[in-house]
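This briefing goes through one protein structure, topic by topic. Keep the sequence and the 3D view at hand while reading.

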Amino acid sequence: MIDRVVTSGTFSLDGGTWEVDNNVWLVGSGSEVVVVDAAHDAAVIAGRVGDREVKAIVCTHAHNDHIDAAAELAARVGAPILLHPADQALWEMVYPDLPYTPLRDGEVISAGGVDLTVLHTPGHAPGAVCLHAPALGVVFTGDTLFNGGPGATGRSFSSFDTIVESIRTRLLPLPEETVVYTGHGDSTTIGAEAPHLQEWLDRGH
């Protein structure tokens with residue numbers, strides 16, 4: 001039902017560039033999948049997809065390290081790219097002329113019998129979204145929630161207060177056993193992260 005591909009590349013914003021490893025998630029069945037965050041290497045991602053149909057390439061947000069393989073992958077597999085339109089400015093930094101299908105809060109994306117509900121969770125980026133699969137007991141959080149706390153909010157288009165509010169109202173109410181599949185690094189659970197909300201507020205990041 002869920003495959004992880006780790007790809008390596010760079011993240012650039014506000015004049016800086018950093019080496020990063022990204023989690024790319026394939027969710028669905030043996031015949032069709034959704035790709036969550038087409039990062040860095042379209043060929044590797046397409047190789048893991050194999051002969052399955054890609055129903056959609058969903059971007060949890062438009063930082064370049066999460067979308068830099070989206071156009072090539074879309075061309076390879078013939079799938080639409082989905083992004084929340086609040087990330088238009090970030091998207092245009094990478095793809096000035098490439099259209100995408102707008103994501104809406106609450107919409108459901110389906111592949112291989114798995115339903116992913118879109119949760120708009122701004123803060124790390126204005127159009128950041130998480131994808132909740134209740135039947136699997138998992139949520140794909142991109143860079144909104146990590147093992148250890150909220151995603152970074154020290155760069156342009158981000159807000160610590162906003163990301164904490166998104167986590168508090170959209171993610172922490174999920175069942176505590178919900179597995180959190182992140183955009184980078186190790187997975188966690190809602191129950192493991194929820195007790196630390198006040199610590200995050202106290203440290204301010």
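Which backbone oxygen does the side chain of T141 reach? The side chain of T141 reaches the backbone oxygen of L145, at 2.8 Å. The model is a predicted one.

- T141 lies in strand β10.
- Because its relative accessibility is 0%, and buried means under 20%, T141 counts as buried.
- Apart from neighbours within four places in sequence, T141 is in contact with V129, C130, L171, V180, Y181 and T182.

**The sheet that contains β10**

- This open sheet has 6 strands in the order β7-β8-β9-β10-β13-β14, and its pairing is mixed.
- β7 (108-111) and β14 (188-189) stand at the edges; each has a single partner strand, so one side of each is left without a neighbour in the sheet.
- Strands of a sheet pair through backbone hydrogen bonds, and the pairing can be parallel or antiparallel.
- β7 pairs with β8 (residues 114-120) in the antiparallel sense, over 4 bridges.
- Within this pair, I109 stands opposite L116 in β8.
- Helix α5 (residues 160-171) packs on the sheet and touches β8, β9 (129-133) and β10 (138-142). The direction of α5 makes about 140 degrees with that of β8.
- β10 and β13 (residues 179-182) run parallel and are joined by 4 bridges.
- F140 has Y181 in β13 as its bridge partner.
- β13 and β14 run antiparallel, with 2 bridges between them.
- V179 has T189 in β14 as its bridge partner.
- β13 and β14 form a hairpin with 5 residues between them. In the turn, G185 has a positive phi of about 80 degrees.

**The other sheet**

- Another open sheet of 6 strands has the order β1-β2-β3-β4-β5-β6, again with mixed pairing.
- At its edges stand β1 (2-13) and β6 (101-102); each has a single partner strand, so one side of each lacks a neighbour in the sheet.
- Helix α1 packs on this sheet, where it touches β1, β2 (16-28), β3 and β4. The direction of α1 makes about 170 degrees with that of β1.
- Helix α3 (residues 70-77) also packs on the sheet, touching β3, β4 and β5. The direction of α3 makes about 160 degrees with that of β4.
- β3 (residues 32-36) and β4 (residues 53-58) pair in the parallel sense over 5 bridges.
- In this pair, V34 stands opposite A56 in β4.
- From β3 the chain crosses through α1 (residues 42-49) to β4, and this β-α-β crossover is right-handed.
- β4 and β5 (residues 81-83) run parallel and are joined by 2 bridges.
- I57 stands opposite I81 in β5, and V58 has L82 in β5 as its bridge partner.

**The buried side of α3**

- Which residues of α3 are buried? They are A70, L73 and A74.
- These residues cover an arc of only 100 degrees around the axis, which puts them on the same side of α3.
- The elements that cover the buried residues of α3 include β3, α1, β4, α2 (64-67) and β5.
- Just after α3 comes G78, which takes a positive phi of about 70 degrees.

**Positive phi in residues other than glycine**

- D37 has phi near 70 degrees, a positive value in a residue other than glycine.
- D37 sits in the loop between β3 and α1.
- Is D37 buried or exposed? Because its relative accessibility is 2%, D37 counts as buried.
- F157 is a residue other than glycine with a positive phi, near 70 degrees.
- F157 is in the loop between β12 (149-150) and α5.
- With a relative accessible area of 40%, F157 is partly exposed.

How values were computed. Residues numbered from 1 in each chain as written. Heavy atoms only, no water. Pairing = 2+ DSSP bridges. Contact = heavy atoms within 4.5 Å. Axes fitted to C-alpha atoms, helices over the stretch in contact; angles between N-to-C directions. Right-handed = clockwise from strand over helix to strand, strands pointing away. Buried < 20%, exposed > 50% of the residue type's maximum accessible area, 1.4 Å probe, protein only. Polar contact = N/O pair within 3.5 Å; in protein donor to acceptor, adjacent residues only side chain to side chain. Arc of directions from axis to C-beta.
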